[in-house]
Amino acid sequence: MNIAVVGTGYVGLVTGVALSDIGHNVTCIDIDIEKVKKMKRGESPIYEPGLEDIMKKNIEKGRLDFTKCYEDGLKNAQVAYIAVGTPEKEDGTADLRFIEAVAESIGQHAEHDIVVVTKSTVPVGTNDYIREIIQQNLFENMKVDVVSNPEFLREGSAVHDAFHGDRIVIGADTQSAADTIEQVNLPFGIPIYKTDIRSAEMIKYASNAFLATKISFVNEISNLCDALGANIEDVTAGMGMDARIGNKFLNAGIGYGGSCFPKDTSALVQLADQAGEPFELLRSVIKTNDKQKRLLVEKAKERFGSLQGKTVALLGLAFKPNTDDMREAPSITIAQELVLAGANVVGYDPIATENAKNVLPGAVTYATTAKEACQNADFAMILTEWDEIQAIQLDEYKSWLNEPILFDGRNCHNPTKAKQNGIEYHSIGRPTTQ
Ligand code: NAD
């Protein structure tokens, strides 16, 4: 099939590349000309393991192309995917500016009947709005069908998820549109779940809100473990053996971040308010997460009294491993709080440093290795559990740091081993050892 994908961020580019890899002819459209030039050369503008190889392969096979021009991109397209951002507005609602612009452009440039598939995460009812905008701009005798096809990929393992996801949700209100998008996706061999448009839109928000709830729940339990002398790892291991609970997504830490959970939970709270069904549980989930992002700094303040003049090494800055994405990363709040408390902050991340420079406070300096960040630091904080950072041996911290004091926001090490290695070790929901 001939497919256009509009927006080549983490979702759009992975979608376009994956669709070309299963045999479709894909043209990706993006308004960012520098990005388009780069992608045409076979270079990925984002860090996503495995993506560039598949991208190059399909460009060479002539199945994948990039353009800035809607007219070219839509010329032969039977299907157009929308994968632009839906960031959070100041009032917490989803900003649909980019969606509106794309819908208008599709309406203006489509040359024949088209199925428009929304991959972006959008509030319930938005696909009806998208259809309206396209129809207003379309030639009178042409027809548009809209399909909600929310995306569930995880940054850092997006390529794997595109080919091995748990489900593909197709929300449509005509059988023919649902069948077309089912045909597009059949070669992936992933279970397909078909439903109506509004339910599909809600599946995405409900899934993200549920996962965020799981994280905040475990973090609250971990704080109770801290207060009452229990160990969160033993607690979640015991909880996870119950098949009704499951053992996934039960890691205590420094709160969720990234481009999805924070904005999607806020958008759902706003949507619920607008619908007259206030979602108090989700409000608490967000509040807990905000508090959790400050926990490590609180622990450090408690330990040292004052952080004025202390030098701190922050290890890992991206919101999670294997991505260069810094959007809403807990490291932003942590660095801000540390700078505010008068500490000197040295950051290190294997991949995300350039993006970090745009969002962390100007006072933060950057090291090119974890060792360099730790040398001359009074203590270190582990913020992202990159393999490389998890692989640092406890005795290395001991030789690098001014004092062997480690605050581990991702529970990467065993407290008993830390004690054996002479490290003062603070973690989340587990006893402090020294
Ligand atoms: P992104 O910000 O990384 O990328 C958006 C892209 O759209 C950019 O390249 C931008 O230049 C382009 N763009 C903006 N306006 C355009 C226009 N008018 N025409 C053409 N291109 C335009 O966004 P993302 O992280 O890929 O997220 C996209 C959507 O997918 C969001 O709604 C998000 O909530 C959802 N989503 C994201 C993830 C994730 O892990 N990032 C996962 C699931 C769902």
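Visitor: Before we zoom in, which domains is the protein divided into?

Guide: Keep in mind that this is a predicted model. The protein splits into domain 1 (2-195), domain 2 (204-290) and domain 3 (293-426). Now for the sheet. Eight strands make up an open sheet, in the order β3-β2-β1-β4-β5-β6-β7-β8, and the pairing is mixed. At the edges you'll find β3 (64-67) and β8 (192-195); each has a single partner strand, so one side of each is left without a neighbour in the sheet. On average, neighbouring strands are turned by 25° against each other, direction ignored. Take β1 (residues 2-6) and β4 (residues 79-82): they run parallel and are joined by four bridges. Within that pair, Val6 of β1 has Ile82 in β4 as its bridge partner. Helix α1 packs on the sheet, where it touches β1, β2 (25-29), β3 and β4, and its direction makes about 165° with that of β2.

One last stop is where domain 1 meets domain 2. Their C-alpha centres lie 30 Å apart, and the contact takes twelve residues from domain 1 and eleven from domain 2. On the domain 1 side, those residues divide into six nonpolar, three polar and three charged.

How values were computed:
Residues numbered from 1 in each chain as written. Predicted model: local features only at pLDDT ≥ 70, side-chain atom pairs only at ≥ 80, totals over all residues. Domains from an automatic or database assignment. Contact = placed C-beta atoms within 7 Å. Nonpolar A, V, L, I, M, F, W, Y, C, P; charged D, E, K, R; others polar. Pairing = 2+ DSSP bridges. Helix = DSSP H or I, 4+ residues; strand = E, 2+ residues; numbered from the N terminus. Axes fitted to C-alpha atoms, helices over the stretch in contact; angles between N-to-C directions.
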